[in-house]
Amino acid sequence: MAETPIQFGILGCADIARKVSRAITLAPNATLYAVGSRSLEKATKFAAANGFPPSAKIYGSYEAVLDDPDVDAVYVPLPTSLHLKWAVLAAEKKKHVLLEKPVALNVAELDQILEACESNGVQFMDGTMWMHHPRTAKMKELLSDPQRFGQLKSVQSCFTFLATSDFHENNIRVKPDLDALGALGDVGWYCIRAILFAADYELPKSVKALPGTVFNKAGVLTSCGASLLWEDGKVATFNCSFQANLTMNITAIGTKGTLQVQDFVIPFKEDSAAFSAGIESWFNDLVTEWKTMPSEHVVTTDLPQEALMVREFSRLVADIKRNGSKLDQKWPTLSRKTQLVLDAVKVSIERGIEPVEL
């Protein structure tokens, strides 16, 4: 007999919630149970447009979702400025928390969220979807192989997209009272996580913003970058922007191999994703062409990465709920390390691109 799926409530009707609603529907161990908005009409329209079953509960407030005893977990796609309040309240109501990134405005806020989850026995996970794609595990195999990749020396990551004029005027990600971290929090979060992923989540010793930071008229970052330095000499750089063509790259270079990914955040295709591996690359005798060409590795998946994220989160929640399992500390730890580096970049920018020690 199949176990009852984890029942999700969604706080808010943000555009990203459409994608995650579909992911909850696709995940075999999860179900759309409730949605709440500040407007009952908006919540009703959202449920009708996004595949909620007829039995789903529709609420005209976020509090009502959290007060529903049959909601096991909540997905929180609210603006970053609201994460502290609603994630903490969700944890206090014993709801497991899947929180959209960036998870907080700073690590002090995140620590309050994580403490609330820990003390109330609820699982925390951020919404970094690419972490759950099977390609990611395959890339980690290469990075961890001393015979093929060697020792990591440098990482470059980039996530940019050319936002419309309407986005720059009206999107919450350019509003200082809603998502004050701007491009650094939105697309920079992915770049930082990619770098930490390649570095086996070892924090750098220092972070320094790159020149060329761009702010909008409200003082929100719309383009920036940073360099990271580790004790052993490895280095990384990233660039994130709302003002350049869509690009989602990782390049990790080791002493023996190179990993390259062109679409790490959202794969070109939903059911497969690729990366290239150059192992002991070199030229031919005349140095007119490459002798050792990079190889392409394609990884297929039956479920899109966002559904795999929901499935894994729901598995953890079910283990806690039904078996009394301990909270999985992997995901809170990765969120906190990402936030620490993000905070350091922000401080470096504020100090006139001075290096910041971690």
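Predicted model: local features only at pLDDT ≥ 70, side-chain atom pairs only at ≥ 80, totals over all residues.

Visitor: Fine. What does UniProt place at residues 6-125?
Guide: An unreviewed UniProt entry puts the feature "domain: Gfo/Idh/MocA-like oxidoreductase N-terminal" there, at residues 6-125. That span is 42% helix and 22% strand, and its end C-alpha atoms lie 15 Å apart.

Visitor: In what order do the six strands of the open sheet come?
Guide: The order is S3-S2-S1-S4-S5-S6, with parallel pairing. Strand S3 (57-59) and strand S6 (124-126) are the edges, each pairing on one side only. On average, neighbouring strands in this sheet are turned by 25° against each other, ignoring direction.

Visitor: Which helices pack on it?
Guide: Helix H4 (residues 83-92) is one of them, touching S1, strand S4 (73-76) and strand S5 (96-99). The direction of H4 makes about 155° with that of S5. Helix H5 (residues 107-119) also packs on the sheet, touching S5 and S6, and its direction makes about 140° with that of S6.

Visitor: Let's zoom in on S1. How many bridges join it to S2?
Guide: Six, between strand S1 (residues 6-11) and strand S2 (residues 30-36), which run parallel. In that pairing, Ile-6 has Ala-30 as its bridge partner, and Ile-10 stands opposite Val-35.

Visitor: And how many bridges does S1 make with S4?
Guide: Three, again in the parallel sense. Gly-9 stands opposite Val-74 of S4.

Visitor: Is S1 mostly covered or mostly open?
Guide: Mostly covered: five of the six residues in S1 are buried.

Visitor: What's the handedness of the unit that S1, H1 and S2 make?
Guide: S1, helix H1 (residues 15-26) and S2 form a right-handed β-α-β unit.

Visitor: Back to H5. How far does it reach from its first C-alpha to its last?
Guide: H5 reaches 18 Å over 13 residues, close to the 18 Å expected at 1.5 Å a residue.

Visitor: Which of its residues are buried?
Guide: In H5 those are Val-107, Glu-109, Leu-110, Ile-113, Leu-114, Ala-116 and Cys-117. As background, an α-helix has 3.6 residues a turn, so residues three or four places apart point the same way.

Visitor: What do those buried residues pack against?
Guide: The buried residues of H5 pack against H4, S5, S6 and helix H11 (330-350).

Methods. Residues numbered from 1 in each chain as written. Heavy atoms only, no water. UniProt positions renumbered as here; feature names shortened; annotations may be inferred. Helix = DSSP H or I, 4+ residues; strand = E, 2+ residues; numbered from the N terminus. Pairing = 2+ DSSP bridges. Axes fitted to C-alpha atoms, helices over the stretch in contact; angles between N-to-C directions. Contact = heavy atoms within 4.5 Å. Buried < 20%, exposed > 50% of the residue type's maximum accessible area, 1.4 Å probe, protein only. Right-handed = clockwise from strand over helix to strand, strands pointing away. Expected span 1.5 Å × (residues − 1).
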